[in-house]
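Subject: Structure handover

Hello,

Here is the structure we spoke about. My notes follow below it.

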Amino acid sequence: MLARQAESACAAPKLGRTVPVPELIAPDPRVYRSFLAAMAEFEAEGQGGPDDDSNTGQAIREYTGRWADPAEFARYLRELEDQAQDESPRPDGRVPQTTLWWVSGNEYLGRISIRHWLTASLREIGGHIGYDIRPSARQRGYATAMLAAALPVARSLGIDRALLTCDEDNVFSRKVIEANGGVLEYKNGDKVRYWVPTA
Ligand SMILES: CC(C)(COP(=O)(O)OP(=O)(O)OC[C@H]1O[C@@H](n2cnc3c(N)ncnc32)[C@H](O)[C@@H]1OP(=O)(O)O)[C@@H](O)C(=O)NCCC(=O)NCCS
C-alpha cells in the first residue's frame, strides 16, 4: 500500500495537449475537415438564413450540401482567391476582398475579410473589415488577436484607417474593436462605426 502511494506521488504529471499557436493564413485545404465542422456550428447557431448578409452566412447559403465534395470546396477556395484580385469580375456594388483564416494547426477557428476600399454603402454599414469566430472557439481572445494580426494586412492594401461597423448591442465585437484601438465615430441607426488605425 505504502509502496503504491509513494509510486503515485512520484508519478510525472500528465502533460497537456500542445495547441499550436494560432496564425492568420490564406484559405487552405489543410483545414478542410475542421472548416466543415465549423460551418455546421455556425448553421446550428442560426447563421446562413435569408437575412444573414455576413460572408459566412452567404457561403453557407451557397455551399451547404456542396462542400462535402472536396472539388466544390476547392472551387470555393478559388472563388475566395478571385475575390481578392482587384481585376477579377465581380457583381455591381462589390469591391475586392481579401479573406484570411485564423487557424491553429489544422483547426479552423475563424475568418476575417478585408474589403480593399469603401463604397458609399460600405461607408455606412459594412466597413472595411468583417469577421467571425466559430462558436466552439469563442471567448479565448481569438477575435481580438485575429483583428490585430489582420491590421498590417489591411495596411499593406493601402488602408491607413480601417472602418469597422457592428450592431450597437454586439458588446463582444465592440470590445474586440476597442481593444485594437478603435475610435467610435458615430452611431447610424442600430450600428456603431469605429475607425481603427492600421499602423
Ligand atoms: C464577436 C466575436 C467575433 C467575438 O469573438 P471572440 O473570439 O469570442 O472574442 P474575444 O475572445 O477576443 O473576446 C472579446 C471580448 O468579448 C468578451 N466576450 C466574448 N464572448 C463573450 C461572452 N459570450 N460572454 C461574455 N464576454 C464575452 C471577452 O471576454 C473579451 O472581453 P475582454 O476584452 O473584456 O476580455 C464572436 O462572438 C462571433 O463570431 N460572433 C458572431 C459574429 C459577429 O458578431 N461578428 C462581428 C460582426 S461586427
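A term first: two strands are taken to pair if DSSP finds at least two bridges between them. Please keep in mind that the model is predicted.

Strands β2 and β3: β2 (residues 97-104) runs antiparallel to β3, and 8 bridges join the two.

Strand β3 (residues 107-115) is largely enclosed by the rest of the structure, because 8 of its 9 residues are buried.

The ligand: 17 residues surround the ligand, and the closest are Asp-132, Arg-138, Ala-143, Thr-144 and Cys-166. Two or more residues of this shell come from each of β4 (129-133), α6 (142-156) and α7 (171-179). The element that gives the most is α7, with 5 residues. Sorted by class, the shell has 8 nonpolar, 5 polar and 4 charged residues.

The chain overall: the protein chain has 7 helices and 7 strands, in the order α-β-α-α-α-β-β-α-β-α-β-α-β-β from the N terminus. Its C-alpha trace spans about 75 × 40 × 30 Å along the principal axes. Of the 199 residues in the protein chain, 27% are buried. Among contacts with a separation of 6 or more, 58% are between residues 24 or more positions apart.

Regards

How values were computed:
Residues are numbered from 1 along each chain as its sequence is written. This is a predicted model: local features need pLDDT of at least 70, side-chain atom pairs count only at pLDDT 80 or more; totals for chains, interfaces and linings use all residues. Helices (H or I, at least four residues) and strands (E, at least two) are DSSP runs, numbered from the N terminus. A residue is buried if 20 or more other C-beta atoms lie within 10 Å of its own, exposed if 12 or fewer, and partly exposed in between; C-beta atoms are placed from the backbone. Two residues are in contact if their C-beta atoms, placed from the backbone, lie within 7 Å. A residue is near a molecule or strand if its C-beta atom, placed from the backbone, lies within 6 Å of it. Ala, Val, Leu, Ile, Met, Phe, Trp, Tyr, Cys and Pro count as nonpolar, Asp, Glu, Lys and Arg as charged, and the others, Gly among them, as polar.
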